[in-house]
Amino acid sequence: MAGESVSEGPDLKEMGEEELWELINDNRHRLSLGVRPCIVIPYLRQARVLTEMDEDEILSSHNLTNRSMRTSHMMDLLRTQGRNGAVALLESLMIHYPTLYTQITGRKPSSEPSRFSGLIKYSELTEYLIRAVTGMQNELREARCEAGRMSARCASLESEIQQIMEQEEKSRTLQLEYERVHRHLSSLQREVTQLKDEKCDLYVRYTAAIEEKSALSLRLHDLNLQVYQLQTELQKAQTENDFQKRRSLRSVPLAEASQLQEEVRSLRCQLVKIEKLNPAHQDILAQDLAEAIDSQVELASQLGCYREENQQMHREKQELLDQNECLTLQVQQLTLDCNMHQQKSTVIQNQMRELQTERDQAYLSRNEAQTQIACILAEKDILRSQMMELQERAFIVNAKHSKEWQSSNERGVGWECPISSSEESSFPNRRRLRRMKPVSPLSLSSFAPQVEDPLASSVRSRNVEPPSPQSLRKREGTLYENSSLETVETDDSSLDDFEILPRVLSEDKPPLRQHATGGTKNVYSLHKNSIPPFLMRSRQKAVRISGRVVTIAFQGETLLSQIAVVGGNKTGVFVHEVTEGSAAHTVGITHGAQIVEMRYQQDERALRMVLEDSTLEEALWALGQVMGLCHLSLRPRQDDYEALVQQLQESEMSSGDSFYVRVNVTIPAGPKGTLTVSCNDILHVTNTRPADTEDSWYANQVHPCQLLALHSGLVPNYYRAQRLLIRAIEEMNLQMSKSQKEWHMETQQTQKAVRIVSTGRQGRNPLWVSVENEKTKSTESDKTSAPRSCLTLMPYTPVTPHFPPICRPVLLLPSILGRILDKKVAGWQGFELCEPEMLSSSDHAARLQKSELLEECEQGRNCCYTLQSVEKVMKKGIHCVLPLGLDCVRRLHRVEIFPIIIFIGQSARSARKLRSKLHRLNWSEEHLLVCSRSEETLLDKLPCLYHRVAPDSWCDQTSLLTRLRTIIWEEQKKIVWVEPDLW
């Protein structure tokens with residue numbers, strides 16, 4: 001480096017040939033490894049120690065297989081040139097490899113002319129050094145571009161890390177929700193246990209009541225038996241009494257008869273007492289029996305209620321168990337996603353550290369290059385000052401010759417050009433040569449087709465090398481022909497289009513041109529204090545470069561009344577007519593200029609609109625916003641404009657608009673030839689401002705298999721269709737007030753009417769012109785910069801067509817049903833199942849970094865489905881059956897693989913048809929329905945179209961497979977329409 005102290009070695013000019021080559025051969029190995037022949041050969045060619053044949057032999061020989069062999073062969077060829085070859089090699093090392101030069105010679109590198117041997121002429125050496133500086137500037141520019149790309153990459157990685165952190169936060173939220181549900185489930189289980197205990201108590205009470213009833217029944221039976229025995233005894237006693245009475249009347253004496261009568265009376269009294277007591281006792285027993293029967297009925301009703309509650313508790317328990325299983329599966333999936341995100345975060349952090357290391361290295365190399373450039377510029381200033389001194393000396397010598405010519409000329413003071421007797425011309429009085437602002441070498445490439453003569457290029461040159469002597473006296477005719485300049489206001493982007501040449505001639509001292517009367521020599525009349533013409537340098541007049549952009553400022557109030565435009569997003573927006581006498585006509589705007597950009601003031605803010613790829617509707621709206629001073633950036637494209645006008649006149653096209661959109665809302669037919677479109681239809685919009693209408697587009701329905709128009713007509717423009725979309729969503733919300741089952745049945749029977757698509761909060765609407773705030777350079781202009789509406793709902797989504805040349809992969813949804821049908825479909829001819837790959841840890845990390853992993857298997861951590869496995873099957877010319885989920889679709893789209901997505905709709909009836917298949921895989925019908933509902937909501941977020949199979953269109957598995965084969969064959973012939981990433 002320049003700042004290091006290096007001991008001065010021996011002077012190379014004093015060393016002989018053998019000493020120089022001995023010094024080079026001592027470091028031959030270092031030179032073979034560190035020197036690139038393609039860098040030093042230009043200098044060696046200019047020093048004339050290598051020929052073109054030698055250069056071709058070194059760089060193109062098949063025997064020299066690597067750079068070290070080429071460098072060694074180059075040194076062998078230089079050895080044949082003797083001392084000049086060694087000196088030229090060391091001088092090239094001093095320019096291109098200063099560190100290696102210092103290590104070999106022990107001397108500090110320098111670009112002073114005295115340090116060079118003189119093998120190259122002074123002018124050629126200066127030109128070579130300038131080219132070297134230009135190459136370093138290009139390398140510095142590339143390094144800066146690389147640093148910019150690295151910074152953008154770092155920003156994108158930081159955004160990905162932020163997204164991963166957000167997803168991790170969501171996973172934590174779901175984990176907390178799972179814990180809460182788990183606690184709730186535990187509490188419900190405790191309540192079920194309590195209810196079971198209460199049920200057992202009721203069973204015990206019911207058993208005791210039954211036992212009491214049995215005891216009462218036995219007691220009642222015993223009492224009935226006793227009553228029956230007493231009645232029997234009573235009848236027997238009456239019979240005996242009657243018999244004894246008759247007998248006593250016959251034979252018994254009177255005394256005994258009286259005694260018997262008393263006994264009969266006593267027995268009758270006892271019988272009356274017994275008869276009086278029995279009905280009361282029977283009533284008591286009957287009442288007890290009725291109460292027992294009522295209690296039995298009540299216990300039976302309570303038992304029935306308890307049985308119903310028990311069944312309901314069993315159902316609730318089963319539902320809670322199902323919810324617990326679903327939550328467990330979700331937690332496992334979230335855990336896997338969290339682990340994957342952690343791995344991605346680790347890989348991204350490693351990449352960021354590597355990018356930071358590369359960025360630091362780029363900064364160091366940039367600083368080194370800036371230091372070298374500063375040194376070269378300082379040396380260039382020294383050379384330029386020396387050149388000016390030499391030119392002043394030449395001026396003194398020429399002045400002496402002019403005095404001699406003055407004494408011999410009769411016509412007065414004159415100055416004669418001493419170069420050639422056949423080339424003499426007059427020169428005006430101009431300022432002295434002075435240093436000007438540096439001009440980028442890249443900007444000079446646009447002037448190359450206009451300047452073919454090397455001498456003429458030296459006359460008009462803006463390079464730092466001095467002009468050739470033959471060109472210094474040929475400027476007057478070309479530099480001062482046009483003295484009038486147009487005042488054009490340019491911005492930074494149009495500096496390459498115009499270069500303003502200041503007038504160097506003063507009006508009070510005009511140049512005088514006198515011609516000799518008797519010969520072909522011209523005499524230049526000069527003031528005695530004037531400077532010779534060959535020392536005067538000036539930048540050329542403003543030159544219009546075709547294809548560049550120029551910005552013109554003028555008062556643009558009611559701009560649409562000053563200019564009329566034609567075109568669209570396909571051809572560009574062109575100025576078609578300019579009103580005479582308007583401000584636009586005054587500043588020189590003419591037809592045929594393309595409007596690239598527009599800047600204007602609105603509400604004390606500077607706004608910028610890019611109209612380079614805008615539609616005609618957007619351009620007219622943007623131009624109508626201008627109400628004051630505006631800046632129009634124009635690009636001349638006269639040929640394209642004339643071709644567009646001719647096509648419009650011949651009715652080959654109605655405007656310059658042409659783009660494809662996907663419809664997100666069903667629009668019925670209306671008046672004035674409005675086209676009937678359905679949700680998910682593809683339209684080709686050919687005119688955004690048809691005649692006699694302001695809120696409609698002219699579009700064609702596109703054939704699903706070819707880019708052909710089926711039906712043509714008017715459709716609502718973006719903002720009217722947006723209002724229709726909002727109205728359709730409101731009607732759907734009103735329908736939701738019906739019973740959920742009735743609404744669900746109607747939505748299954750009717751066609752989908754609305755697809756919800758919205759732009760990202762930070763992104764611009766892809767179907768509207770971008771409006772940026774010039775002061776803040778922010779896209780979040782939510783007040784005046786947002787055109788017409790702040791809604792992000794999109795009734796139309798831009799799409800691009802793709803034509804897959806080979807068989808497309810097949811993805812069957814829902815994923816649970818896909819696991820059942822994948823092997824069946826893969827068994828067909830022309831189909832093959834995608835198999836996972838076992839990857840090592842390093843290979844897994846590398847594939848993950850390159851985004852080549854589609855999905856990880858459940859068997860192991862490093863068993864994954866990769867892009868290579870899908871491409872391997874597709875290269876065979878057959879369909880690849882993907883046993884994956886919806887997450888793989890966007891990853892496949894990134895590598896231009898567009899799968900056929902088939903969603904098989906499910907209902908309770910269709911799920912029962914697959915009950916046996918589901919039970920084999922430990923799934924239930926409820927699992928299939930839940931999976932179908934969850935994945936059906938994600939289908940509208942896909943960037944491509946899909947095919948939906950109605951649940952009532954098949955009756956069993958065989959008919960479903962037949963239906964799938966037909967659908968795959970039809971989908972393979974269709975065009976794939978893909979939406980851009982709106983987020």
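**View 1. Lys 876 counts as exposed, at 51% relative accessibility.** Exposed means over 50% relative accessible area, buried under 20%, and partly exposed in between (1.4 Å probe, protein chains only). The side chain of Lys 876 meets that of Glu 832 in a salt bridge, 3.4 Å from N to O. Glu 832 sits in strand β16 (residues 831–833), while Lys 876 is in the loop between α20 (867–874) and β20 (879–882). The two are 44 residues apart, so the pair links distant parts of the chain. Glu 832 is partly exposed, at 26%. A salt bridge here is a side-chain nitrogen of Lys or Arg within 4 Å of a carboxyl oxygen of Asp or Glu. By this rule the count comes to 23 salt bridges.

The model is predicted: local features need pLDDT of at least 70, side-chain atom pairs count only at pLDDT 80 or more, and totals for chains, interfaces and linings use all residues. Residues are numbered from 1 along each chain as its sequence is written, and side-chain values use heavy atoms, with hydrogens and water left out.

**View 2. Arg 45 and Glu 55 form a salt bridge through their side chains.** The N to O distance is 2.5 Å. Arg 45 lies in helix α3 and Glu 55 in helix α4 (residues 52–60), so the pair ties together parts 10 residues apart in sequence. Helices (H or I, at least four residues) and strands (E, at least two) are DSSP runs, numbered from the N terminus. Arg 45 is partly exposed, with a relative accessible area of 31%. Glu 55 is also partly exposed, at 23%.

**View 3. Salt bridges link Glu 837, Asp 843, Arg 847 and Glu 852 in a network.** Within it, Glu 852 pairs with Arg 847, the closest N and O atoms being 3.5 Å apart. Glu 852 is buried, at 16% relative accessible area. Arg 847 is buried too, at 15%.

**View 4. The largest nonpolar core has 30 residues.** Such a core is a set of buried Ala, Val, Leu, Ile, Met, Phe, Trp, Tyr and Cys residues joined through side-chain atoms within 4.5 Å. Leu 50, Met 74 and Leu 93 touch the most other members. Helices α1 (17–26), α3 (37–46), α5 (67–79), α6 (83–96) and α7 (98–105) each supply at least two residues. The most come from α6, with seven.

**View 5. Leu 93 is in contact with Leu 31, Val 35, Pro 98, Leu 100, Tyr 101 and Ile 104.** That list leaves aside neighbours within four places in sequence. Contact means heavy atoms within 4.5 Å.
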